[in-house]
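Hi everyone, thanks for coming. Let me put the structure up on the screen, and then we'll walk through it together.

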Amino acid sequence: MKNEKIEEVKNLLEIDKNNISNMNELNDLKVKYLGKKGLITELNSLIKDIPNEEKKNFGQSVNEIRTIFNDFYEEKKNLFEEELLNKKLEKETIDITLPGDKIKRGSKHPVNRMIEKIEDLFVSMGYDVMTGPELETDEFCFERLNLPKGHPARDMQDSFYITDEYLLRTQTSAVQARTLLANKDEPKPIREIVPGKTYRKEDDATHSHQFCQCEGLVIDKKENHVSLADLKGTLEIFVKEVIGDNLDLRFRPSYFPFTEPSYEVDVSCFKCGGKGCPLCKDTGWIEILGAGIVHPNVLRMNGYDPEKWGGFAFGPGLERLTMFRYGIPDMRYLYTNDIRFLEEFDRKDDCDAIK
Ligand code: PHE
């Protein structure tokens, strides 16, 4: 009787095995045979009613069916999983011959290119590259440069004051005072350039409220005679390197409180060769920077004895130089961040527009 039951389950299982076509059905089958009320589970529970001498045989037969079921289950399960995976892979095939998503490459801003060019040049001449804060104090931006409060020359640099004492620096000259003062205990020769952002309260077709300058400062012992001739020689190399060969320089007397004598320096117009054109406003010359011999008051105020030390300073604006170098017709192109404009410079890396 009991053995019949076993045969019955065995036969049923053989039939059921042929009717399984997916994972759900397979799991249902597992419940049918091995669940709490499953057919094999039930056979198991019969063991207790079986006479002892038959128990072993019966148990073995039940185990056999269980093994048949488990083997079948494992085999089918692997098969279905493989099928599932294959289907998924088929759906997800990637055509590696398709072009990928393009990643846009940025390019260096032309003013930054100019700064790097200037840095390379001056480092090759033994200068240090220094920086200073853009949020500067009135003391360093003006007072320590011989521009006390109320000095009329402050008007030339109308400023963004944050408080009475703090302003956005109007000139990189502020770093002159910082460097001198930092060395006041043991004055030593200085050769530095300071490229960086500057700010003034003006905004029209030829001025931006934010622009860049690059201060230059050379200080040495008096007996080494750092003179106007050195300034001129330095600026000639500078102009030749960053704008172009065969340009003349002109020193026009001017006024800056922190230099004496002071000059505005012009280059001959590279567009018309000095004959006169709209770019140079028919003068044949284009102004590029202010410069001069460092004022004794500046040295004294910042811990350098003007009897023992002396030198020169200069400060070009970088936007104009950049425009000249690359032939950019309008300064506003530098700040509107038009990608088409900026991309031009990928290809113009080392080309000198006017050379
Ligand atoms: N700082 C001056 C300006 O912004 C330029 C300058 C620098 C002049 C160094 C003389 C010496 O106009």
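Okay, let's start with charge: the protein chain carries 52 positive and 65 negative side chains, and the centres of those two sets sit 1 Å apart. Lys and Arg count as positive here, Asp and Glu as negative, while His and the chain ends are left out. Each charge is placed at NZ of Lys, CZ of Arg, CG of Asp or CD of Glu.

Quick housekeeping. This is a predicted model, where local features need pLDDT of at least 70 and side-chain atom pairs pLDDT 80 or more, while totals for chains, interfaces and linings use all residues. Numbering runs from 1 along each chain as its sequence is written, and side-chain values use heavy atoms, without hydrogens or water.

So what about overall shape? The radius of gyration, taken over C-alpha atoms, is 43 Å for the protein chain, whereas a compact globule of 355 residues would be near 20 Å. That globule rule is 2.2 Å times the number of residues to the power 0.38. The C-alpha atoms fill a box of roughly 125 × 50 × 35 Å along the principal axes.

On to burial: 41% of the 355 residues count as buried, meaning under 20% relative accessible area, with exposed over 50% and partly exposed in between, using a 1.4 Å probe and protein chains only.

Last stop, Gly-126. Is Gly-126 buried or partly exposed? Gly-126 is partly exposed, because its relative accessible area is 43%.
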